[in-house]
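Please keep the sequence and the structure in view while reading.

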Amino acid sequence: MAEIWTMGETLVEIMRTKENSGLDKPDLFKGPYPSGAPAIFIDTAARLGHKCGIISGVGEDDFGKCILERLKKDGVDVSQIMTDTKNSTGCAFVTYFTDGSRKFIFHLGNTPAAAAKAPDMHVLDGTRYFHVMGCSLFAKLEFAQEILKTVKMAKQAGAKISFDPNIRTELMGDTKIAEIVKEILGYTNVFLPGREELMLLMERDTEEEAVRACLDMENIEILALKKGAEGSCVYTREKEISSGVYKVHAVDSTGAGDSFDGAFICGLMEERPLEQVLKMASAAGALNTAAFGPMEGNISRETINDLIQEEML
């Protein structure tokens, strides 16, 4: 039985081979690379030795094969990924710019991933953490409702809920989905937002006020605040821990936060001190950026331990 489960989109990414190459003119691409925030999260956790599974869907096509083979190779339970014979696996075309920005064209629509349903209750037996990515909630209202249903099932099974909101202000315009986001936040034990997401969901004007409001929530035990190049902070009601970033040659930032989440939950599963948990997560996020492709970073116990020995910026 898997101890860590997630539910959300799986897709492939196809990226420009050079920066500043717009998506409106012919040029070269590389890929497909397996991707999707929940998939990156769960793959990271599996590579760190934990029993993990994902609830999702792929098409009966080569893109779906790309995703399934990668997840299975890294030890992820894919028994709850349905295969759709009618619809194609989701994909995203990506280009990068020298200022660090990215541009995406998504082909998600009626993809198999967004049609996935909550599993049978027995699937979640033994689950210790169920992880939610906010981007999955905005794929489709019906899918968001199925994820919420699964969150409630996981809580009933005795699991803790971890939540990376991964949202932007403009996405909160859908009132029904915004309500689901807030309901899931109410169940959340480990919250892993960025600074703007934290202030948006806590409805506060400053980071300090938002942190206090978050820790005032009944179920929140740990707040891991991701600040990009500034590092990260972990807050509990008893302590605050800060971390810088590890120096690596960054090639592709896509998926860094998802790998951070995966390693963070693994550290908690292993009951490590929070200082060590944060170092593990920071190292995994850094290693993710050091390779081209959202899931291609050389993340393992050995590489994380080696990077942790180095000084942070």
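Where helix packing is described, axes are lines fitted to C-alpha atoms, for helices over the stretch in contact, and angles run from 0 to 180 degrees between N-to-C directions. The structure is a predicted model, in which local features need pLDDT of at least 70 and side-chain atom pairs count only at pLDDT 80 or more, while totals for chains, interfaces and linings use all residues. Residues are numbered from 1 along each chain as its sequence is written, and side-chain values use heavy atoms, with hydrogens and water left out. Helices (H or I, at least four residues) and strands (E, at least two) are DSSP runs, numbered from the N terminus.

**Helix pairs**

- H8 and H9 pack at an angle of about 150°, and their axes are 7 Å apart; H8 is therefore roughly antiparallel to H9, given that angles under 35 degrees count as roughly parallel, over 145 as roughly antiparallel, 65 to 115 as roughly perpendicular and the rest as oblique.
- The crossing of H8 and H9 is right-handed, where a crossing is called left-handed if the near helix is turned anticlockwise from the far one by less than a right angle, and right-handed if clockwise.
- Contact, meaning heavy atoms within 4.5 Å, is made between these two helices by residues including Ala256, Phe260, Phe264 and Leu268 of H8 and Leu274, Val277, Ala281 and Gly285 of H9.
- Helix H6 (residues 195-202) and helix H7 (residues 207-215) pack at an angle of about 60°, with axes 9 Å apart, which means that H6 is oblique to H7.
- The H6 and H7 crossing is left-handed, and the residues that make the contact are Arg195, Leu198, Met199 and Met202 of H6 together with Glu207, Ala210, Val211, Ala213 and Cys214 of H7.

**Nonpolar cores**

- A nonpolar core is a set of buried Ala, Val, Leu, Ile, Met, Phe, Trp, Tyr and Cys residues joined through side-chain atoms within 4.5 Å; buried means under 20% relative accessible area, exposed over 50%, and partly exposed in between (1.4 Å probe, protein chains only).
- The largest such core has 50 residues, and those with the most contacts inside it are Ile4, Leu71, Phe264 and Leu268.
- Among the elements that give two or more residues to this core are helix H1 (37-47), strand S4 (52-59), helix H2 (62-73), helix H8 (256-269) and helix H9 (274-289), and the largest share, 9 residues, comes from H9.
- Phe264, leaving aside its neighbours within four places in sequence, is in contact with Val190, Leu192, Ile222, Ala224, Val234, Val277 and Ala281.
- Another core, of 43 residues, lies apart from the largest one, and Leu148, Ala154, Val181 and Leu185 are among its members.

- Asp43 lies in helix H1 and is buried, with a relative accessible area of 0%; apart from neighbours within four places in sequence, Asp43 is in contact with Arg70, Leu71, Asp74, Val76 and Met295.
- Thr44, also placed in helix H1, has a relative accessible area of 0% and is buried, and beyond residues up to four places away in sequence Thr44 touches Ser259, Gly262, Ala263 and Ile299.
- Thr44 and Asp74 are 30 residues apart in sequence and 8.6 Å apart in space, C-alpha to C-alpha.
- Gly49, which follows H1, has a positive phi, near 95°.

**A buried loop threonine**

- Thr188 sits in the loop between helix H5 (175-187) and strand S11 (190-191), and Thr188 is buried, with a relative accessible area of 0%.
- A polar atom of the Thr188 side chain lies 2.8 Å from the backbone oxygen of Ile184.
- Not counting residues up to four places away in sequence, Thr188 touches Ile161, Phe163, Asn219 and Ile220.

**Backbone geometry**

- The peptide bond from Gly31 to Pro32 is cis, with omega near 10°, and Pro32 lies in strand S3 (residues 29-35).
- Asn20, in the loop between strand S2 (11-16) and S3, has a positive phi of about 65° although it is not a glycine, and at 45% relative accessibility Asn20 counts as partly exposed.
- Glu271, in the loop between H8 and H9, likewise has a positive phi, near 55°, in a residue other than glycine, and Glu271 is exposed, with a relative accessible area of 67%.

How values were computed
A polar contact is a pair of N or O atoms within 3.5 Å; within protein, one must be able to donate a hydrogen and the other to accept it, and residues adjacent in sequence count only if both atoms are side-chain atoms.
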